[in-house]
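Please open the model in your viewer and keep the sequence panel beside it.

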Amino acid sequence: MARVSRSSAPRLLYALCSSASLSPASSLIGGAFQLRHISGGNMARAKAAAADKEPWWKDSMERLRNIGISAHIDSGKTTLTERILYYTGRIHEIHEVRGRDGVGAKMDSMDLEREKGITIQSAATYCSWKDYKINIIDTPGHVDFTIEVERALRVLDGAILVLCSVGGVQSQSITVDRQMRRYEVPRLAFINKLDRMGADPWKVLNQARSKLRHHSAAIQVPIGLEDDFKGLVDLVQLKAYYFHGSSGENIVTEEVPADMEALVAEKRRELIETVSEVDDKLAEAFLGDETISAADLEEAVRRATLAQKFIPVFMGSAFKNKGVQPLLDGVISYLPCPIEVSNYALDQTKNEDKVELHGSPDGPLVALAFKLEEGRFGQLTYLRIYEGVIRKGDFIINVNTGKKIKVPRLVRMHSDEMEDIQEAHAGQIVAVFGVDCASGDTFTDGSVRYTMTSMNVPEPVMSLAVQPVSKDSGGQFSKALNRFQKEDPTFRVGLDPESGQTIISGMGELHLDIYVERIRREYKVDASVGKPRVNFRETVTQRADFDYLHKKQSGGQGQYGRVIGYIEPLPAGSPTKFEFENLLVGQAIPSNFMPAIEKGFKEAANSGALIGHPVENLRVVLTDGAAHAVDSSELAFKMASIYAFRQCYAASRPVILEPVMLVELKVPTEFQGAVAGDLNKRKGVIVGNDQEGDDSVITAHVPLNNMFGYSTALRSMTQGKGEFTMEYKEHSPVSHDVQTQLINTYKGNKAAE
């Protein structure tokens, strides 16, 4: 028998199989090979698909920008938004803000906004430019709407700060810039209105450097100014742009004009120097005298802008349709996409620990409801998705209330028009219909308990009594209050049990004024407003004993209940404001009467004997008592506790607590003395005084009762240059003379009734 070498064995087997047509073996071997081949192919394909899958969302994320446009009043931000919408094809004709045609700009849709020329509600709109999707959110500027501002800036990834080339850096520009810095928003600056008389962009640029402490440089140089303003030279690409056509839609690119070459070279060098101060890579090339290409410079500007170390300055005139398209290119080139910004959530299971969100659609769903609107079809909720994917028909959980909700309809918004979509992923801004929630609520898919903004809503510090003038508009009135309460967690509504009036509480005078005005405008209800009131509290300062017997015998079942014990102040820093402790030994009072006794003390503590305000930081201890087999009832013990509390309250040396505000003022140094003197007059305690450039920053603790009308007083003291913010700090005891005065006023009012 011939010997078969090992290498030829497989060939021999194959030959034998084919000649003897041994189909089972062949099919088995072939089948195994084929199977392995297919599974290998599938794996390769799966790998390729996985590699494709990664860029699927990555690419769409990188082509997304969420930006806000904010500025001082009348710097032209609504006009700029109007032009952006026109050039990106979202609207087909341009209307001016105060145009003769009476249409008004697209983004100001409320009557109150058109009248006052301010933006109260932030509008969200969406447009696309060169394959990039841009969400534009109009941001409110007022500090009184702290929560609204926090939410709007929370949702943005980048911003455009508009400055007027004539007015320069104005007071509101400083406020807006400070807010952006506080929320760490990367930004571009746009110097607008170069066509106006007296336009001087270089003066404005220097003001931004000195007043706003901006590390900035111009990215463009204007060709001519005022009436001669023709176009712009791009310092990065070294090209001149001219804007032709009836609305500046045709951009003509040419070489830099010969008479401007020296200026352009100087400004480009200044730009490179400024950026290389904060970017090491560009600094190496600059110090090594290498030629810096347009691509290198663009990358360096992007890196420095994202790190918030540099602010590129663009120029143009929105009204004359010049410079808006290069600004859009700048948004795409230099502002971050959602993955490049770190967002933090607060983990409610771990006592509000910070958790970084990576912004990928693969993670668990986390979305923030940052704005609510009453639409024709019910409540419309704007959501910014931070992580995960949301689909129509999904179940989502509201972390703040714990409710599970189904998403009935998902839309993308454009001012007040909408288009339906099936799903949306992280980084996008969408709106949902028919979801009942409050503004600032966070939604997840249930796997995590994260909230995007802290759930510690500041306590309201000021109250007003409001009531509708005509009786028949009560329905609309309560509808308005319910809606505003939902939209704004810092706005509360309550009833005064004594007078039966509706009391609204909020963060300050302007806050409540705007809401009263909105009730008048949007719901056509005239409301009369009472005098502002401060929310005082009372508390006890020493232990006092009580021993009270409540008995009534007048035919039929009587009432009998006796309670013995003491009240005392709670230790400082205790989490609760009222504590009831039962130290009763034995069965002197049957245990089923305990809840009634606690309820009685709670009710009595709702209005103290000094000025009728609630009593806080109170501990009630029950040590003994007596009950009657027949006459004792829950009512008898409740009445006994109420009278017992009143009996011993005076002996516990009660004091009145008033809300003390943490006030932060920013005033030019020359007015510092006058402002500090005025704060002392208002019984304020100055706790800090820092210098910030030409301004003094004063921190003080001032009783709210002495802060009424302060904004007007501060304006007149500082020629309108001072600004202040105040937030609730704590309730602290009032001085003896104020206490006597408050008690006498309260007694006088009582007697008058």
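**A tour in selections**

Begin with Lys130, which counts as exposed because its relative accessibility is 53%, where exposed means over 50% relative accessible area, buried under 20% and partly exposed in between, with a 1.4 Å probe and protein chains only. Before going on, note that this is a predicted model, in which local features need pLDDT of at least 70 and side-chain atom pairs count only at pLDDT 80 or more, while totals for chains, interfaces and linings use all residues. Residues are numbered from 1 along each chain as its sequence is written, and side-chain values use heavy atoms, with hydrogens and water left out.

Asp329 sits in helix H11 (residues 324-334) and Lys130 in the loop between strand E2 (124-129) and strand E3 (132-138), so that the pair links parts of the chain 199 residues apart, helices (H or I, at least four residues) and strands (E, at least two) being DSSP runs numbered from the N terminus. Asp329 counts as partly exposed, at 26% relative accessibility.

Next, select helix H3 (residues 77-87), where eleven of the eleven residues are buried, so the helix is largely enclosed by the rest of the structure. After H3 comes Gly89, whose phi is positive, near 80°.

Move on to the open sheet of four strands, ordered E31-E32-E35-E33, in which the pairing is mixed; two strands pair if DSSP finds at least two bridges between them. Its edge strands, each pairing on one side only, are E31 (544-552) and E33 (578-582). E33 and strand E35 (residues 618-626) pair in the parallel sense over five bridges, and Leu622 in E35 is the bridge partner of Asn582. Helix H14 (residues 594-605) packs on this sheet, touching E31, strand E32 (559-569), E33 and E35, with contact meaning heavy atoms within 4.5 Å.

Within this region, select Asp547 and Arg562, whose side chains meet in a salt bridge (3.0 Å, N to O). Because Asp547 lies in E31 and Arg562 in E32, the pair ties together parts that are 15 residues apart in sequence. Asp547 is partly exposed at 35% relative accessibility, and Arg562 is partly exposed with a relative accessible area of 30%.

Which residues touch the most other members of the largest nonpolar core? Among the 66 residues of that core, they are Phe546, Ile567, Ile597, Phe601, Leu618 and Phe645, a nonpolar core being a set of buried Ala, Val, Leu, Ile, Met, Phe, Trp, Tyr and Cys residues joined through side-chain atoms within 4.5 Å. Helix H15 (residues 634-649) gives the most to this core, with seven residues. If you centre the view on Phe546 and leave aside its neighbours within four places in sequence, its contacts include Ile567, Phe601, Val620, Ala644 and Cys648.

For the last stop, select Ser732, found in strand E39 (residues 723-733). Ser732 counts as buried, at 18% relative accessibility, and, not counting residues up to four places away in sequence, Ser732 touches Ile656, Leu657, Glu658 and Val660.

Technical notes. Axes fitted to C-alpha atoms, helices over the stretch in contact; angles between N-to-C directions. Salt bridge = Lys/Arg side-chain N within 4 Å of Asp/Glu carboxyl O.
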